[in-house]
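Trainee: Could we go through this one together? I'd like to talk about helix packing and pockets.

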Amino acid sequence: MYKILTNIPIQLCISVILAIVGAVCIGPIPALDYTFKMVGGIFIDALKMLVVPLAFVAVTGAVIKMGASRLRKMSYRFIGLTFAMSFVGFAIGYLLMNLVSIPPMDVVNGVVKPAAHPSILEFIRGCIPVNPFNSLVKGNMLQVLTLSFFIGLATLKLKEKDSVVHGFDVAQQILVKIANMIMHIAPLGVFCLLYPVIAKSMSNV
């Protein structure tokens, strides 16, 4: 019984049930709004703390472990899968446009602005981290993944890459340990995030 109660997924389910039952039975508690907001924010910020470094370390280590030949094969498959999914999406959209009739919509005094979308070259340029530290700080995931990819490719050209692989493995294990530590406060964080939302929505019904 103790092992079941100390299981984090079960604790999360219990916290969700308690938040729903408490919000329905008790309702909003204005005196605890600040506490709920801060505790829930601490939990979310702790999770955000790990997103960028864990993605950087995991992707870089995966690129090094895959090797150049396997990475080349996966690149070809990724490009083929991207084109296939794009074609399927276009086909479904084209069929829906011809099968489903959309009633006309009259817009009076409306200002229509053209949608701005980057070109392929602008997208590629935007993926390059001009300042890698700035990309890591701001959490620009495309630039972080690009940096990880280039570091992994450069490591493959080193003669002694085993130590680099070991270093990224150790860093990933450390980040996973931190994530496990954060998950111990997940039930409290989920409760504090859910309770005020459910209580407010129930009070407006």
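**Pocket and helix packing**

Mentor: Bearing in mind that this is a predicted model, let us start with the second largest pocket, whose lining residues divide into seven nonpolar, no polar and three charged.

Trainee: Which residues line the second largest pocket?

Mentor: The lining of the second largest pocket is made up of Pro-28, Ile-29, Pro-30, Asp-33, Phe-36, Lys-37, Tyr-195, Pro-196, Ala-199 and Lys-200, and the space in this pocket comes to about 150 Å³.

Trainee: And which helix gives the most to that lining?

Mentor: That is H8, with four residues, while helix H3 (33-99) and H8 each supply at least two residues of the lining.

Trainee: Staying with H8, at what angle do the axes of H2 and H8 cross?

Mentor: The axes of helix H2 (residues 8-25) and helix H8 (residues 186-203) cross at roughly 25° and come within 8 Å; as angles under 35 degrees count as roughly parallel, H2 and H8 are therefore roughly parallel to each other. The crossing in which H2 passes H8 is right-handed.

Trainee: Which residues make the contact?

Mentor: On the H2 side they are Gln-11, Leu-12, Ser-15, Val-16, Leu-18, Ala-19, Ile-20, Gly-22, Ala-23 and Val-24, and H8 brings Ala-186, Pro-187, Val-190, Phe-191, Leu-194, Tyr-195, Ile-198, Ala-199 and Met-202. Sorted by class, the contact of H2 with H8 has 16 nonpolar, three polar and no charged residues.

Trainee: Changing topic, how do H4 and H6 pack, and at what angle?

Mentor: Helix H4 (residues 120-127) packs with helix H6 (residues 141-156) at an angle of about 70°, their axes being 8 Å apart, and H4 and H6 are therefore roughly perpendicular to each other.

Trainee: What residues meet there?

Mentor: From H4, Phe-123, Gly-126 and Cys-127 meet Leu-142, Gln-143 and Thr-146 of H6, and the residues of this contact divide into three nonpolar, three polar and no charged.

Note on methods. Residues are numbered from 1 along each chain as its sequence is written. This is a predicted model: local features need pLDDT of at least 70, side-chain atom pairs count only at pLDDT 80 or more; totals for chains, interfaces and linings use all residues. Side-chain values use heavy atoms; hydrogens and water are left out. Axes are lines fitted to C-alpha atoms, for helices over the stretch in contact, and angles run from 0 to 180 degrees between N-to-C directions. Angles under 35 degrees count as roughly parallel, over 145 as roughly antiparallel, 65 to 115 as roughly perpendicular and the rest as oblique. A crossing is left-handed if the near helix is turned anticlockwise from the far one by less than a right angle, and right-handed if clockwise. Contact means heavy atoms within 4.5 Å. Ala, Val, Leu, Ile, Met, Phe, Trp, Tyr, Cys and Pro count as nonpolar, Asp, Glu, Lys and Arg as charged, and the others, Gly among them, as polar. On a 1 Å grid over the protein atoms alone, a cavity is a set of points where a 1.4 Å probe fits but cannot get out, and a pocket is an open set with protein on both sides within 12 Å along at least five of seven lines; lining residues have an atom within 4 Å of a point. Grid points are joined across faces, edges and corners, and a volume is the space filled by probe spheres set on the points.
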